[in-house]
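Please open the structure in your viewer and keep the selection tool at hand. This tour moves from the whole chain to single residues, and at each stop it says what to select and what is there.

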Amino acid sequence: MGAMTNELLTPDLAAASAARRADADAPYLAAVRGDKPSRRPVWMMRQAGRSLPEYRKVREGIPMLDSCFMPDLLAEITMQPVIRHDADAAILFSDIVVPLKAAGMDVEIVAGRGPVMGEAVRTSEQIANIPDLEPDQLGPIVEGIEQILERLRTDQVLIGFAGAPFTVASYLIEGGPSKNHEVTKAMMYAEPQLWHALMEKLSPMIAHFLQAQIEAGVDAIQLFDSWAGFLTARDYREYVAPYSQKILDAVRPYGIPMTHFGVGTGELLVDLAKVGPDVVGVDWRVPMNVAAKRVQQALPDQTPKAYQGNLDPAVLFAGRDVIREHVKRIAAEAYEAIELGYSRGHIFNLGHGVMPHTDADAITAAFEEVHNS
């Protein structure tokens with residue numbers, strides 16, 4: 001890739017193609033295409049992290065964001081759940097604020113709180129001063145991806161990810177996590193020109209981050225809009241969707257699967273689908289068959305999407321019998337959607353991320369149940 005600027009880049013399709021190593025019939029890729037996979041693919045958001053004792057051991061004394069820029073450690077942490085649980089996909093160990101950190105912004109992960117900015121970004125001058133992301137700043141991440149690809153089986157894929165611009169913007173504007181996103185929404189409503197300036201600044205940065213991951217060899221990407229569920233559909237369409245679509249459009253020429261996911265987005269599923277992902281992530285509040293039907297009936301001229309989800313993370317605390325019951329239910333709902341033509345495939349996942357105190361053996365049990373479903 002050439003120098004990164006505030007403009008979208010021309011994809012290096014040759015580099016990305018040369019880095020591909022997963023089999024075309026890997027379960028994850030087959031499910032996205034609508035083919036019958038050899039087994040139901042499953043991975044879990046936040047599958048790498050505090051639920052695993054081996055993770056706590058290797059990261060002891062190392063700040064979370066620092067570990068994202070240490071290639072050997074990045075590869076080790078990403079692979080830990082894949083090895084332990086026999087996952088069909090690895091998700092790159094990273095964080096929504098990693099591109100901000102890589103670009104040189106003052107941000108840290110504070111234990112028990114989350115990403116915290118050195119200073120909130122709320123003025124036109126501060127927005128203009130957000131630095132561009134340069135290729136060499138992502139070198140350690142690229143090196144980590146290369147190590148992961150050497151360790152994955154060819155029937156397993158590596159998923160890269162980034163935070164969508166609304167979620168990244170909220171951390172910047174609020175200065176850290178927020179329960180209500182009131183400062184963020186106030187800027188959207190009262191200073192729309194400022195809001196759109198920030199979106200125009202962040203969208204290329206996020207697209208560049210994803211493009212670098214793809215050209216390093218990831219097999220799929222996921223765009224997380226963790227906090228989009230705090231928006232009305234009207235506000236999402238006006239203030240967010242154009243920028244998320246711009247990011248996915250920048251990635252689309254690579255021809256790899258793109259997933260879009262947000263929490264509490266039952267009322268936004270159609271709008272999430274409209275921005276153009278191949279896979280729509282569904283949280284646990286909406287059944288898989290209901291979600292797929294809702295989208296396809298609203299967008300009848302679009303090819304059916306594949307769907308990802310959507311076990312309630314709390315079920316992992318309820319014992320194997322309950323896990324089995326819920327896995328079977330979700331698998332049946334996903335199958336019904338496919339049979340009725342509302343969906344083309346299903347990737348099993350949680351409806352959000354693995355909770356920190358989840359028993360690792362319960363996660364393994366859930367993977368086994370999915371593979372047997």
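The stops below begin with the whole chain and end with single residues.

Before selecting anything, note that this is a predicted model, in which local features need pLDDT of at least 70 and side-chain atom pairs count only at pLDDT 80 or more, while totals for chains, interfaces and linings use all residues. Residues are numbered from 1 along each chain as its sequence is written, and side-chain values use heavy atoms, with hydrogens and water left out.

**The whole chain**

Buried residues make up 58% of the 373 residues, with buried meaning under 20% relative accessible area, exposed over 50% and partly exposed in between (1.4 Å probe, protein chains only).

**The core**

Next, select Tyr-28, Leu-100, Leu-172, Trp-195, Leu-202, Ile-221 and Tyr-236, which touch the most other members of the 130-residue largest nonpolar core. The largest share of this core, twelve residues, comes from helix H11 (residues 192-216). Such a core is a set of buried Ala, Val, Leu, Ile, Met, Phe, Trp, Tyr and Cys residues joined through side-chain atoms within 4.5 Å. Now centre on Leu-100, whose contacts, leaving aside neighbours within four places in sequence, include Met-105, Val-168 and Met-205; contact means heavy atoms within 4.5 Å.

**A strand residue**

Move to Val-279 in strand E7 (residues 279-281), which counts as buried at 0% relative accessibility. Not counting residues up to four places away in sequence, Val-279 touches, among others, Val-32, His-260, Tyr-307 and Ile-347.

**Backbone details**

Which residues have a positive phi of about 60° without being a glycine? One is Arg-46, found in the loop between helix H2 (27-33) and helix H3 (53-58) and exposed at 52% relative accessibility. Another is His-181, in the loop between helix H9 (165-174) and helix H10 (182-190), and this residue is buried, with a relative accessible area of 0%. Finally, select Gly-309 and Asn-310, where the peptide bond is cis, with omega near -10°; Asn-310 lies in strand E8 (residues 306-311).

Notes:
Helices (H or I, at least four residues) and strands (E, at least two) are DSSP runs, numbered from the N terminus.
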